Amino acid sequence: VMNSGVKIAWDHLFYITLFLLEQFHDANSPWKPYIDVYPKLVSSFPLFYPEKEKSLLQGSTMMEQIEDEIEEMESEYERIAEVVPELRKFSVDEYMRNKMLVTSRIFLVKMHGVAERIMVPFADMFNHHYDKIGQTHWKYEDSNDSFVVTAKHDIPSGDAVFFICIVDMRKLRG
């Protein structure tokens, strides 16, 4: 794909998506513990709303955006499948669902001076809650090439750990 000239939106997400699709179908995958708890449902994403919910969006710019995104992802799948026919072992729907899940689970971090989108298995499943802003802080630490989540105060044993994915774009720009 890299040398084919095929244009892919967020091409690194394609590679993560394809990697995970392969792992989902490999019963002996070393990623099995992660895959076993990886979300399967995408009905909360507007692209995959049931028709009844989508009908409520008719005439809105949101519906236009949904239709454009579906069209772009289907087109992307076809462009890639032309140069990587092995992609066709996964349906366009499976590709779209998994790419959407990957997109929703990435972290935008500054890594060695460069803004990067990364997946952090298991950290992507932390609880999110706006009332809990300030409970934790997350970042990428160049010194030990690690994604680190730090509690800002003691969290009692058995309590849920929350964080919120708010990115300070100023810090990413330097």
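Figure 1. Strand β1 covers residues 106–111 and strand β2 covers residues 114–119, and they pair in the antiparallel sense over six bridges. Two strands are said to pair if DSSP finds at least two bridges between them. Look for Phe107, whose bridge partner in β2 is Ile118. In a regular strand, side chains alternate between the two faces of the sheet.

*About the model.* This is a predicted model, in which local features need pLDDT of at least 70 and side-chain atom pairs count only at pLDDT 80 or more, while totals for chains, interfaces and linings use all residues. Residues are numbered from 1 along each chain as its sequence is written, and side-chain values use heavy atoms, leaving out hydrogens and water.

**Figure 2. Here is the whole protein chain.** The protein chain has six helices and four strands, and from the N terminus on its elements run α-α-α-α-α-β-β-β-β-α. Helices (H or I, at least four residues) and strands (E, at least two) are DSSP runs, numbered from the N terminus. Of the 174 residues, 31% count as buried; buried means under 20% relative accessible area, exposed means over 50%, and partly exposed lies in between (1.4 Å probe, protein chains only).

Figure 3. Buried residues of α4 include Met63, Ile66, Ile70 and Met73.

Figure 4. Glu76 sits in helix α4 and counts as buried because its relative accessibility is 1%. A polar contact of 2.4 Å joins the side chains of Glu76 and Tyr95; such a contact is a pair of N or O atoms within 3.5 Å, where within protein one must be able to donate a hydrogen and the other to accept it, and residues adjacent in sequence count only if both atoms are side-chain atoms. Glu74 also lies in α4, but this residue is partly exposed, with a relative accessible area of 37%. Beyond its neighbours within four places in sequence, Glu74 is in contact with Val92 and Met96.

Figure 5. A nonpolar core is a set of buried Ala, Val, Leu, Ile, Met, Phe, Trp, Tyr and Cys residues joined through side-chain atoms within 4.5 Å. The largest one has 28 residues, and Tyr38, Leu47 and Phe48 are among those with the most contacts inside it. Elements giving two or more residues to this core are α1 (11–24), α4 and α5 (92–105), and α4 gives the most, with seven residues. Leaving aside neighbours within four places in sequence, Leu47 touches several residues, including Ile66, Ile70 and Met100. A second, separate core of nine residues includes Val109, Val120, Ala123 and Tyr140.

Key
Contact = heavy atoms within 4.5 Å.
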